[in-house]
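Subject: Structure handover and notes

Hi,

Here is the structure I promised to pass on.

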Amino acid sequence: MKHLAVASVLVVLVTVVAVTVLESIDLLPVVASTEGVVADRLFSYQMYVIAFLFALVAVFMVYSAVVFRRRPGDDGDGLYVRGNTTLEVTWTVIPVGVVLYFAVLSTEYLLDVTSAPQDPVVVDVTGAQWSWQFEYPEAAVTSPELVLPLGRPALLRITSTDVIHSFWVPEFRLKQDAVPGLVRDLRITPNRAGEYVVRCAEICGQGHAFMLADAKVVTPEEFETWLMSHGASDDPVVRGKRLAELSGCVACHSADGKRIVGPTWLGLYGKEETMADGTSVTVDDDYLSESIREPGRRLVEGFSDVMPATYKDTLSDDEVADLIAYIRSLEQ
Ligand code: CUA
């Protein structure tokens, strides 16, 4: 009984030392997603259990080898032990309980991170020997680097063109195979701005180790700017339409004739409009340009002066021209 008490105290001491040592080492890179925070918590729990198991096995083994070693002149046989049912039941039931507990925690976590995100940034991720490609279908942008806005969930739809790859950004913690012929979803909510690296975590041939891509987490504003400047289109109408969506114009101006907050853009270009002060204006490039930059200056009759006057600062001359080209394309 004395031996058991001493060994138990040693187990506790070794566990504490092992946990302290493990926690002082940077086992994992910095965490950059909300999903990763939960993954790290699970990782810590498992580390505590592993430290305890290590202590349990190592202490009893070393303690027995030292304390119960054969003394000089002792030629007798050891004690004959048939078994110990209580001990066997205990060391079966407790580990089963621990494993089940972790299974429940992990299942909860898996259900949470695989549930459908609200208002996600959709990115189609394609792996190929040996590169990654990122497509933003909503903005018609294709990019060799992954750029994500801070704090907004991203829905990555991952596939491959040739063999099995695996999408992995260690800082996001999550990993997903890219399988040819299948599309697999992965949800990531970046919570730390910075520059990371997308790696391939599945041996896929000669260039596997070099199958890297930049992953950047930027502010939502920087993300919008990046999307705008990476549109592949050289058509001003396409750029203007995208800009209208990205800049929030479409929340107030419909393209189908429906009256929302501001005048619809359908058939607006070239139209004779009556102003609030009774004068009339033909909607042309000059009037549209003025209305985008100084919306309150000449207000169309029947509408209130609610449009933000910030676009003169946020939109460049080229962007205003693109918007006008789009509005003009909606001429009837
Ligand atoms: Cu792709 Cu390894």
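**The model**

This is a predicted model, in which local features need pLDDT of at least 70 and side-chain atom pairs count only at pLDDT 80 or more, while totals for chains, interfaces and linings use all residues. Residues are numbered from 1 along each chain as its sequence is written, and side-chain values use heavy atoms, with hydrogens and water left out.

The confidence score, pLDDT, is given by the predictor for each residue on a scale from 0 to 100. For the protein chain its mean is 88, and 98% of the residues reach 70 or more. Confidence is highest in strand S6, at 94, and lowest in helix H5 (residues 236-246), at a mean of 77. Helices (H or I, at least four residues) and strands (E, at least two) are DSSP runs, numbered from the N terminus.

**Salt bridges**

A salt bridge here is a side-chain nitrogen of Lys or Arg within 4 Å of a carboxyl oxygen of Asp or Glu. The count comes to 10 salt bridges. For burial, I use "buried" for under 20% relative accessible area, "exposed" for over 50% and "partly exposed" for values in between (1.4 Å probe, protein chains only).

- Arg173 and Asp40 meet at 2.6 Å, N to O. Arg173 is buried at 16% relative accessible area, and Asp40 is buried at 18%.
- Asp124 and Arg157 form a salt bridge at 2.7 Å, N to O. This one links distant parts of the chain, with Asp124 in strand S1 (residues 121-128) and Arg157 in strand S5 (residues 154-160), 33 residues apart. Arg157 is partly exposed, at 30%.
- Glu290 pairs with Arg298, their closest N and O atoms being 3.1 Å apart. Glu290 is buried at 15%, whereas Arg298 is partly exposed at 33%.

**Aromatic rings**

Rings of Phe, Tyr and Trp (its six-membered ring) pair if their centres lie within 6.5 Å; planes under 30 degrees apart count as stacked, over 60 as edge-to-face and the rest as tilted. The whole structure holds eight aromatic pairs. In one of them, the ring centres of Tyr101 and Phe102 are 5.9 Å apart and the planes stand at 65 degrees, so the pair is edge-to-face. Phe102 is buried, with a relative accessible area of 12%.

Trp132 and Phe167 also have ring centres 5.9 Å apart, and with planes at 85 degrees this pair is edge-to-face. Tyr136, Phe223 and Trp226 form one aromatic cluster.

Charges also sit over rings, meaning that NZ of Lys or CZ of Arg is within 6 Å of the ring centre and within 35 degrees of the ring normal. The charged end of Lys175 is placed over the ring of Trp168, 4.5 Å from its centre. Arg259 has its charged end over the ring of Phe303, 4.0 Å from the centre.

**A nonpolar patch**

Patches are made of residues with over 30% relative accessible area and no salt bridge, where like charges are joined within 9 Å and nonpolar side chains (Val, Leu, Ile, Met, Phe, Trp, Tyr) within 5 Å. Accessible areas come from the Shrake-Rupley method with a 1.4 Å probe, and for residues only the protein chains shown count as cover. Met1, Leu4, Phe52, Leu53, Leu56, Val57 and Phe60 make up a nonpolar patch on the surface, with about 690 Å² of accessible area together. Helix H2 (residues 34-67) gives the largest share of this patch, five residues. Leu53 has its place in helix H2 and is partly exposed, at 45%.

**Backbone details**

Gln129 and Trp130 are joined by a cis peptide bond, with omega about -5 degrees. Trp130 is found in the loop between S1 and S2.

Asp119 is not a glycine, yet has a positive phi of about 45 degrees. Asp119 is located in the loop between helix H3 (85-113) and S1, and is exposed at 57% relative accessibility. Arg173, from the salt bridge with Asp40, likewise has a positive phi, near 75 degrees, in a residue other than glycine.

Best wishes
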